[in-house]
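Hello,

Here is the structure I promised to pass on. My notes follow below it.

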Amino acid sequence: MKKSLWITLGVVLLLVGVFVWYKFFFVFGEGVKSGYLNYAIKKGYVFKTYEGKLIQEGFGKGKTGTITSYEFEFSVSDPEVFKQLELNSGKTFDLHYKEYNGSLPWRGNTRYVVDKIT
């Protein structure tokens, strides 16, 4: 009886570990977004994280022939990258990001984490 309990407990802990890894640490996608930096801020109650918004222009689901904007909200992992963004608000940037399946409070408010400026 004890042996089967330990095996069951081990399997459950293994499954929980795999789920946590997949949800919060598995990089689902990587890419580059380009646009105008709308803002870069440091905010949070307990964990102070770096957040930002990029405005992308293009043709979209608006009236025919009009330019619509897409907003890309992101978190920043590196303080040096944040300093560059903060000092150059309103300029055009190409940001390399990683997309996770979930967000962690100390990593930022979004699933998208910018790790460098290209």
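Please keep in mind that this is a predicted model.

Salt bridges first. The count comes to three. K53 takes part in a salt bridge with E71, at 3.4 Å from N to O. That pair links distant parts of the chain: K53 sits in strand β2 and E71 in strand β3 (residues 67-76), 18 residues apart. K53 also meets E73 in a salt bridge, at 3.8 Å from N to O. Here too strands β2 and β3 are linked, with K53 and E73 20 residues apart. K53 is buried, because its relative accessible area is 12%. E73 has 40% relative accessibility, so E73 counts as partly exposed.

R111 and E99 form a salt bridge as well, at 2.5 Å from N to O. R111 lies in the loop between β4 and β5 (112-117), while E99 is in strand β4, 12 residues away. R111 is partly exposed at 36% relative accessible area. E99 is buried at 12%. As for shared partners, salt bridges join K53, E71 and E73 into one network.

Next, two single residues. T49 belongs to strand β2 (residues 49-59). T49 is buried, with a relative accessible area of 4%. Beyond four places in sequence, its contacts are I41, K42, K43, P105, W106, R107 and G108.

K91 lies in the loop between α2 (79-87) and β4 (92-100). K91 is partly exposed, at 48% relative accessibility. Leaving aside neighbours within four places in sequence, K91 touches G35, Y36 and L37.

Best regards

Key
Residues numbered from 1 in each chain as written. Predicted model: local features only at pLDDT ≥ 70, side-chain atom pairs only at ≥ 80, totals over all residues. Heavy atoms only, no water. Helix = DSSP H or I, 4+ residues; strand = E, 2+ residues; numbered from the N terminus. Buried < 20%, exposed > 50% of the residue type's maximum accessible area, 1.4 Å probe, protein only. Contact = heavy atoms within 4.5 Å. Salt bridge = Lys/Arg side-chain N within 4 Å of Asp/Glu carboxyl O.
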